[in-house]
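Please read these notes with the model open beside you.

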Amino acid sequence: MSADERAADRPIPNPATADSAFLRACRGEPVPHTPVWFMRQAGRSLPEYRELRRGTAMLESCMRPDLVTEITLQPVRRHHVDAAIYFSDIVVPIKAIGFDIDIKPGVGPVAPDPVRSLADLDRLPLLEPGHVDYVTEAIGMLTAELGATPLIGFAGAPFTVASYLVEGGPSKNHERTKAMMYGAPDLWAALLDRLADITAAFLKVQIEAGASAVQLFDSWAGALAPEDYRRYVLPASVKVFDAVASYGVPRIHFGVGTGEILGLMSQAGADVVGVDWRVPLDEAARRVGAGKPLQGNLDPAVLFAPREAVETKTREILDAGRAAPGHIFNLGHGVLPDTDPEVLTRLVDFVHTTTRTSAVHAG
């Protein structure tokens, strides 16, 4: 069967969400208001999340459809955001294929036997839908509950996932990762290529189950110089985005500290580029290039300031976002754990009220 024939057999993206403000903004179309969602809105700051998760390990929570569904829905109910983000973790597909990795509270992903050689790639088989059947079940439950509210699927980008597998855990300087990248480029390329296949397969499962959009998190890509990103990382990210292009769902790309590589991240193939708080959106629009909607980019720490300060910074971001053909309001990174949930609820209402005049430009 040809690629076109396979694409023709794929399910059409959820039609109930097609006219949502979020998806219209992703396409750069006029919107009734600027759509809002928050990275790490599912969990972190919500007391109802903490209560639900009590006594349950992070990865176990990600593998239980009942918990995934409830946690994903909590911020939609409370904040009235314009999109839900599927509750999971970037190492879920790696754990699902049998690689020894876990999430230690207060630390993050930890791999006791890191990747050091080509032989270690044998521990990273390709992901099959059966490895993550709980994802398919959870998304089915979610889309039934969400109705016209889009669900965003997500995955960790090959570079960021590779950094955990090579370092063995979180790293400030990525010493071992960069040592492999520079000193063993063939091994590095093979590792990222394998992870690109696993990541693409994980995104396909989510899309085929009903996700209306997907976001690729390259959290640590900002640790790289532009030429290193172009040479050692970009090809794998391109492969991921190309693999899901035929589904027709918006593809979002986000990283932290990526101001110097925004243009390159745009070239990877995403339809929307996420921007952290360090680069104003009008400048980000120039770096990303014409025609790309943007997502972002309030500094999460601003939410601890007085209400008037939050609103002032929000207006600045909304104004700067008009430089892009579409704008999705978000934070410049994830919700911080100690954030007052009521501040997030007020922020969603403020963005909606401020931008809800008539059908307005997506930016």
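1. Angles between axes are sorted into classes: under 35 degrees counts as roughly parallel, over 145 as roughly antiparallel, 65 to 115 as roughly perpendicular, and the rest as oblique. An axis is a line fitted to C-alpha atoms, for helices over the stretch in contact, and the angle runs from 0 to 180 degrees between N-to-C directions. Helices (H or I, at least four residues) and strands (E, at least two) are DSSP runs, numbered from the N terminus.

2. This is a predicted model, in which local features need pLDDT of at least 70 and side-chain atom pairs count only at pLDDT 80 or more, while totals for chains, interfaces and linings use all residues. Residues are numbered from 1 along each chain as its sequence is written, and side-chain values use heavy atoms, with hydrogens and water left out.

3. Helix H8 (residues 158-167) packs against helix H9 (residues 175-183) at about 105°, and their axes are 8 Å apart. H8 and H9 are therefore roughly perpendicular to each other. In contact (heavy atoms within 4.5 Å), Phe159, Ser163, Val166 and Glu167 of H8 meet Glu175, Arg176, Thr177 and Met180 of H9. This contact has 3 nonpolar, 2 polar and 3 charged residues. Here Ala, Val, Leu, Ile, Met, Phe, Trp, Tyr, Cys and Pro count as nonpolar, Asp, Glu, Lys and Arg as charged, and the others, Gly among them, as polar.

4. Is Gly43 buried or exposed? Gly43 is buried, at a relative accessible area of 0%; buried means under 20%, exposed over 50%, and partly exposed in between, using a 1.4 Å probe and protein chains only. Gly43 sits in the loop between helix H2 (21-26) and helix H3 (47-53). Apart from neighbours within four places in sequence, Gly43 is in contact with Tyr49 and Ile71.

5. The C-alpha atoms of Gly43 and Gln74 are 8.1 Å apart, although 31 residues separate the two along the chain. Gln74 belongs to helix H5 (residues 65-79) and counts as buried at 4% relative accessibility. Not counting residues up to four places away in sequence, Gln74 touches Leu46, Glu48, Tyr49 and Leu52.

6. UniProt, in an unreviewed entry, lists residues 35-44 and 152-168 for "domain: Uroporphyrinogen decarboxylase (URO-D)". Residues 35-44 are 0% helix and 0% strand, whereas residues 152-168 are 59% helix and 29% strand.

7. The mean pLDDT (the predictor's confidence in each residue, from 0 to 100) of the protein chain is 94, and 94% of its residues reach 70 or more. Over residues 1-8 the pLDDT is below 50. Where pLDDT is low, predicted coordinates should not be read in detail.

Note on methods: UniProt positions renumbered as here; feature names shortened; annotations may be inferred.
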